[in-house]
Amino acid sequence: MDMNCPSQAVTVSALKKALINEEFLLYYQPKVDLTSGKLIGAEALIRWDHPEYGIINPGEFIPMAEESGLIVSIGKWVLSNACRQLVEWENGMLESISISVNLSVRQLYQPDFLKMIRLIIDETGVNPEKLELEITESMMIDSEAACIILNELKNIGVYISLDDFGKGYSSLHYLKELPFDKIKIDQSFIQQCTRDLNDATLVKTMIVMAHQLNFQVVAEGVEKEDHVVFLQKNLCDEAQGYLFSPPVAADDFLNNLSKVNQILEIYGLPGSKSKNQWMEEEVRTARQEVLEMVREQQGMTFKYIKRYGRFIHTLCDGELLYRMGLTPERVVGRELDEFLPKKIAEDKVIHYEKAWQGTEQVNYEAEVNGIHYIASLRPLTRRGQVVEVIGSCVDITERKEIEEALRRNEEKYRFITENISDLIKVVNVEGVIEYASPSHQEVLGYGADMYKGEQIFDYIHPDDAELVRNEFKHLVASKEIRRAVYRHKHSDGYWVQMEAKGTPVLDDAEKITHAVVVARDVAGVS
Ligand code: C2E
Ligand code: CA
Ligand code: CA
């Protein structure tokens, strides 16, 4: 940034003028593939070439452009110029690369945003698969609206990256609902990743988890040679940063090309390093990650090998092991039937054998001493031979217990209600139906499953709804039995006159958890 740029230079009217006078320009920063070492893309970064103050960086004027809404026009200009540049490069000497463009939140939610993207693709003739849009987590605030727009973008065929990942708060698991192709790890994590153990673990974990969710990973702010080696060892896909090149004008970008393509050869893991060695390193890293992650999940990790037709455990550790009433000493060096009941051991040997075939990961559910868990067995091969299998287990006892309780409850309700023509519903305190008796089918036309998860008030005549709502509110507040007469909708469209009684269900602490509503058709009774 030009240190002489006074803040009063950045005004809305100056920005407007800059747009008209074409004072904006784009710099480009290379993105490099960490496996091949070759340039695979460029990120377009805007600059303002001010007639008086020279080059001004985006940090100085983007905030005001966003605030004033000018970002919409500026963003459009960036997009079409970046696309035009890519097409020009493709027609020239350059191999096929992609172009990344930063979006701002104002742009994304512009009503004609998608139309604008399509238009620019048409006008410039850019291949949409070579266009990558970078957005940040903070733009996902309205995640439902964002999801719709992003899916439309995917339909157009463009790539979507999540920029500055790690700076925000959302977990990757939330992000997996959104159609991202890549995440870009924020440069603040990369800067210290070879010196700060915390940052190193964070970066490793981000890469492993992102890959598990099928995102590609880009590292930003790669400045040093040891950053590159660290990222390569941890299987990061792409890198970007001053080590390769700062953002530069389009001409310089072309002139730098051969230099950029050599950086990894000079500083990265030696390309001559035998493929075998490289693979072993990869396996070692992956193994380490699995161990760390399983330990974090309070699960269990074990390994076994096959010797003379027997599966011998070579490692076993994790909290889950102790909860099963076992210890590493009882497992390591032994076969399954030396520490498990014969029947259980026999079942497991089948899975062990299957994993040892080496063609696939084997998953199974099992129980030992009342602990339910999911296990997955991953064969590790060297030169086409399985040399050992890593198993990892996660405790699912709690989930099992909940499932079992639910099943028992359902059975209980079904038993009580099967043979009566009264309509019985079990609803929670929000009025959501958790159970409806089979008799609903006969009396109201809809099958009982239809009601599950619905609001109890939804099927009531609009003129009666208010009354029923009030009675229900009263029931919840006072924990007393309440009655109501109302009209209920039949699946054929007419209304059935009903009389209902609601009874609160209390837990041990006298807190209301549910209400049981028993209703009967009183049309013929009056
Ligand atoms: P960003 O998208 O995270 O871009 C990366 C920033 O990091 C760039 O700053 C780049 O020059 C800088 N950088 C790249 N490599 C290194 C490195 O190795 N070390 C360090 N310390 N920094 C590195 P720049 O160009 O000043 O852009 C700043 C921000 O302005 C961008 O952050 C982006 O959020 C925004 N921006 C830039 N161009 C546009 C645009 O066209 N539209 C919108 N909406 N925002 C833009
Ligand atoms: Ca960016
Ligand atoms: Ca970034």
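Analyst: Happy to; the labels for one residue and its surroundings follow.
This is a predicted model, where local features need pLDDT of at least 70, side-chain atom pairs count only at pLDDT 80 or more, and totals for chains, interfaces and linings use all residues. Residues are numbered from 1 along each chain as its sequence is written, chains are lettered from A and ligands numbered from 1 in the order in which they are written, and side-chain values use heavy atoms, with hydrogens and water left out.

User: Why is D464 called buried?

Analyst: Buried means under 20% relative accessible area, exposed over 50% and partly exposed in between (1.4 Å probe, protein chains only). D464 has 12%, so the label is buried.

User: Where is D464 placed, and what is it in contact with beyond its neighbours within four places in sequence?

Analyst: D464 sits in helix α19, residues 462–478; helices (H or I, at least four residues) and strands (E, at least two) are DSSP runs, numbered from the N terminus. Contact means heavy atoms within 4.5 Å, and beyond those neighbours D464 touches Y486 and R487.

User: What makes β17 and β18 edge strands?

Analyst: Two strands pair if DSSP finds at least two bridges between them. The open sheet has five strands in the order β17-β16-β20-β19-β18, with antiparallel pairing. β17 (433–436) and β18 (482–489) each have a single partner strand, so one side of each lacks a neighbour in the sheet.

User: How do you know that β18 pairs with β19?

Analyst: Eight bridges join β18 to β19 (residues 495–506), and the two run antiparallel. The definition asks for at least two. Within β19, V496 is the bridge partner of H488.
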